[in-house]
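Let's walk through the salt bridges of this protein together. Have the sequence and the model side by side as you read.

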Amino acid sequence: MPYSRFFDDAISKLKGERRYRVFADLERDAKVFPRALWHGPDRIEEVVIWCSNDYLCMGRHPQVIEAMTTAAARHGAGAGGTRNISGTNHPLVELESELADLHGKESALVFTSGWISNLAAISTIGDLLPDCLILSDELNHNSMIEGIRRSKAQRQIFRHNDLAHIEELLRAAGRERAKLIVFESLYSMHGDIAPVAAIADLARRYNAMTYMDEVHAVGLYGPRGGGIAEREGVMDQIDVIEGTLAKGFGTLGGYIAAKAPIVDAVRSHAPAFIFTTALPPAIASAATTAVRLLKQDHGREIRTQHQRQAMLTKHALSAAGLPVMPNPSHIVPVFVGDAELCKRATDMLLDRHAIYIQPINYPTVAKGEERLRITPSPLHTDAHIAQLVECMADVWQTLGLPFVEPAKILAFKRESDAHCTFPEFKRAAE
């Protein structure tokens, strides 16, 4: 049997749908980020990165790098195995303590990635709760969906951020049945934010547990970087908070934080935790340093600058008539609506303007909702933003992509201002 033909056909199908992904060969330099070297097919060129999930640039923070190199020199490069076999390296214990404190929880558990933490925790909790019903937001991340699928629990999907639909499903399930509401605090492709306090209130009224993914919010929101739940003052009302160390904290890994029995049950029952090599001490030390830094006043300064540059980017792109999709967060999605044009736009930005933005196509977003997802950082200067606007406008004109009417731009600006995360920046901008 010609097995290779099946794989060739699978790749050809992706290419035919313009969804085949080509990874840019980028050589980041911590000293000059967001600039990096792009190793292209026929040249090496300096480019500006506009789509990193290291939102606060903590991955290149001198103290984070020092913590990693010091720990590597002392403990070695690897973890030595799973925690069940090799024991728990002490830097990992310190990290879990720091994360539990960040979220005001009794305990925390670290995994090798945010994807694994969702897969392991949701599936395990769903299986340990008798006759559990999992209620899941329709826009939940793939890792959450896979965790739900892996569980034997019944599942129902609720319309995105639709409180009435959540209540309808909770009421139908009855108070006595075990229920787990699974949702994100901040949805990274749209940039919208869940009504966290209202969902927590529904869970309390209908006797349900809550599991909230704060992956795109930890480090970035709240007085100490605890996420949207901290900003809204409802951390104590969310049963399980899941986060990542790879975005706001700039390193690697995922985690959950909850009451000690919940965390211990996941630790003791989840195969994805039990049989996976632990996070190395060097990474744990770097992550702990990043968490500590962002808890302090220094963290608030970084967050304020980050929000400033994100809002400035939204306003500048919108003022140029580019179709920024309105939202109250740091995510800057620019609508394209066609897979081929989305890929051509990003290729042109890279080849013609030395700007790197990865196209977002199906299945990350629905077909017809393709977009460019821009993530400004505290290190993107006003000059970087001006250059981005000029280059994006050139690409839009060259490809014949539609610009937005001025009336819609003003409507976006009013909505964006109304949802400004940092009021002191809003006043300064005015």
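Is K295 buried or exposed? K295 is buried, its relative accessible area being 12%; here buried means under 20% relative accessible area, exposed over 50%, and partly exposed in between, for a 1.4 Å probe and protein chains only.

A word on the ground rules: this is a predicted model, in which local features need pLDDT of at least 70 and side-chain atom pairs count only at pLDDT 80 or more, while totals for chains, interfaces and linings use all residues. Residues are numbered from 1 along each chain as its sequence is written, and side-chain values use heavy atoms, with hydrogens and water left out.

Now look at D101, which forms a salt bridge with K295, their closest N and O atoms 2.6 Å apart. D101 sits in helix α4 and K295 in helix α12 (residues 281-295), so this pair ties together parts 194 residues apart in sequence. A salt bridge here is a side-chain nitrogen of Lys or Arg within 4 Å of a carboxyl oxygen of Asp or Glu; helices are DSSP runs of H or I with at least four residues, strands are runs of E with at least two, and both are numbered from the N terminus.

D101 also forms a salt bridge with R224, with 3.0 Å between the closest N and O atoms. R224 lies in the loop between β8 (209-213) and α9 (228-231), so its pairing with D101 in α4 (90-102) links parts 123 residues apart in sequence. D101 is partly exposed at 40% relative accessibility, and R224 is partly exposed at 29%.
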